[in-house]
Amino acid sequence: MRVKIACVGGGPASLYFSILMKRQDPSCDITVHERNPPGSTYGWGVTYWAGLLDKLREHDPESAAAVAANSVRWSDGVAHVRGSRTVHHGDEGFGIGRRRMLDLLAGRAESLGVRLEFEHEVTADRIPDADLVVAGDGINSTLRERHADHFGTDVRLGRNRYIWLGTTQVFDTFTFSFQETGHGWIWCYAYGFSGEQSTCVVECSPETWTGLGLDRANEADGLALLEKLFAGILDGHPLIGRAQADGAAQWLNFRTLTNRTWSRGNLVLIGDAAHTTHYSIGAGTTLALEDAISLAGALRGRAELRPALARYEQQRKAGLLRQQSAARLSAQWYENLPRYMHLPPRQMFALLGQRHSPLLPYVPPQLYYRLDRAAGQLEVLRRLKRWLGPRLARTAHTRALAARK
């Protein structure tokens with residue numbers, strides 16, 4: 001029997017899932033529905049790490065080769081604090097333009113016989129007639145929202161404000177810049193994604209955001225201020241935004257989204273429609289592609305849809321636990337940034353690299369730094385750190401959930 005599949009949303013998860021399904025069953029009738037015109041995707045560059053390329057090579061060597069050929073690579077992390085430049089070697093990562101990645105995946109999907117329908121919006125009242133509907137329409141998924149109670153959708157707003165920008169300054173390392181102002185700290189994460197542009201994500205506390213007047217400034221004025229604050233790393237290059245029709249800047253609070261269940265009948269969630277993880281761990285695209293791999297694998301050779309979707313959900317929820325914990329701790333580290341900024345820059349940067357540790361929030365920063373260095377030499381301290389950290393984190397997470405009820 002020929003299986004008909006409709007993928008809603010033309011992001012990495014939907015496109016890669018369509019590629020994998022066509023590879024394992026060319027008879028599948030697959031259509032990807034995207035509401036926007038071709039090439040109109042928002043965003044600048046996305047990051048990923050070497051492990052993702054290994055998985056892509058295993059499941060579709062052709063798209064893996066295309067992604068690798070169009071990516072830039074860095075091997076160092078650099079932090080600029082109080083005029084000091086600190087380097088950490090060995091942080092190998094990759095960047096690729098989001099639009100370029102989507103173009104590559106779309107081209108590969110079409111070459112395998114997938115239909116791509118752009119400028120075709122699927123609403124909750126007009127769901128395609130298909131054996132399987134894959135909701136890859138992002139954090140604002142209309143298909144999920146129609147049945148939010150069934151899915152058990154939960155959204156938590158982060159405290160800090162952030163804005164996603166581009167720049168013509170090309171960074172050859174993953175670069176952090178922390179700037180102290182009269183209203184608190186403001187910082188950015190910057191990384192190249194092509195030979196011409198880089199991504200620059202700026203973040204600060206709500207008090208700093210309002211104190212600097214960024215809550216009232218239009219995008220042009222806000223960018224001018226940010227260019228002055230980060231002049232040291234921009235080296236005369238401009239920041240590039242994407243203002244709304246009224247000229248307002250797109251400052252946001254990060255939304256951590258989870259769902260109690262990921263499927264309803266023949267409808268299944270994938271990518272940001274199913275879950276989000278804080279951008280500071282650089283895993284969003286990787287997790288979306290891993291969803292696609294898992295869903296295609298669960299469907300391979302299975303006649304019954306419901307058990308296959310249950311297997312996919314179980315596998316991915318288990319696989320996400322470590323990343324979700326790391327993302328939660330990373331976001332909290334930045335939300336408590338002043339706790340670490342009194343340290344010498346080298347120590348602060350070392351703890352930035354340790355921000356995923358569940359033990360760090362409970363130990364004075366300088367003491368943690370010393371213990372961590374000692375643990376590198378003493379096995380008994382390493383074991384204590386591995387044993388104590390997760391227990392403290394689980395206790396704190398349980399208390400936080402109870403306080404929200």
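Q: Which strands form the open sheet, and in what order?
A: Strands come first. Helices (H or I, at least four residues) and strands (E, at least two) are DSSP runs, numbered from the N terminus. Two strands pair if DSSP finds at least two bridges between them. In this predicted model, six strands form an open sheet in the order 6-2-1-7-15-14. The pairing is mixed.

Q: Which are the edge strands?
A: Each edge strand pairs on one side only. Here they are strand 6 (115-117) and strand 14 (263-264).

Q: In what sense do strand 1 and strand 7 pair?
A: Strand 1 (residues 4-8) and strand 7 (residues 132-135) are parallel, with four bridges. Cys7 stands opposite Val134 in strand 7.

Q: What should I know about the numbering and the cut-offs?
A: Residues are numbered from 1 along each chain as its sequence is written. As the model is predicted, local features need pLDDT of at least 70, side-chain atom pairs count only at pLDDT 80 or more, and totals for chains, interfaces and linings use all residues; side-chain values use heavy atoms, leaving out hydrogens and water.

Q: How is the protein chain divided into domains?
A: Domain bounds come from an automatic or database domain assignment. Domain 1 covers 4-72 + 94-154 + 256-327, domain 2 covers 158-252 and domain 3 covers 363-404. The centres of domain 1 and domain 2, taken over C-alpha atoms, are 29 Å apart.

Q: How much area is buried between domain 1 and domain 2?
A: Buried area is the accessible area (1.4 Å probe) that two parts lose on being put together, summed over both. Here the value is about 1200 Å², and carbon and sulfur atoms give 70% of it. Trp44, Gly45 and Tyr279 supply 58% of the area that domain 1 buries against domain 2, more than any other three residues.

Q: How many salt bridges does the rule find across this interface?
A: A salt bridge is a side-chain nitrogen of Lys or Arg within 4 Å of a carboxyl oxygen of Asp or Glu. Across the interface of domain 1 and domain 2 there are zero. The whole structure has 16.

Q: Which residue forms a salt bridge with Arg35?
A: Glu121 does, with the closest N and O atoms 3.8 Å apart. Arg35 lies in the loop between strand 2 (29-33) and strand 3, and Glu121 in the loop between strand 6 and strand 7. The two are 86 residues apart, so this pair links distant parts of the chain.
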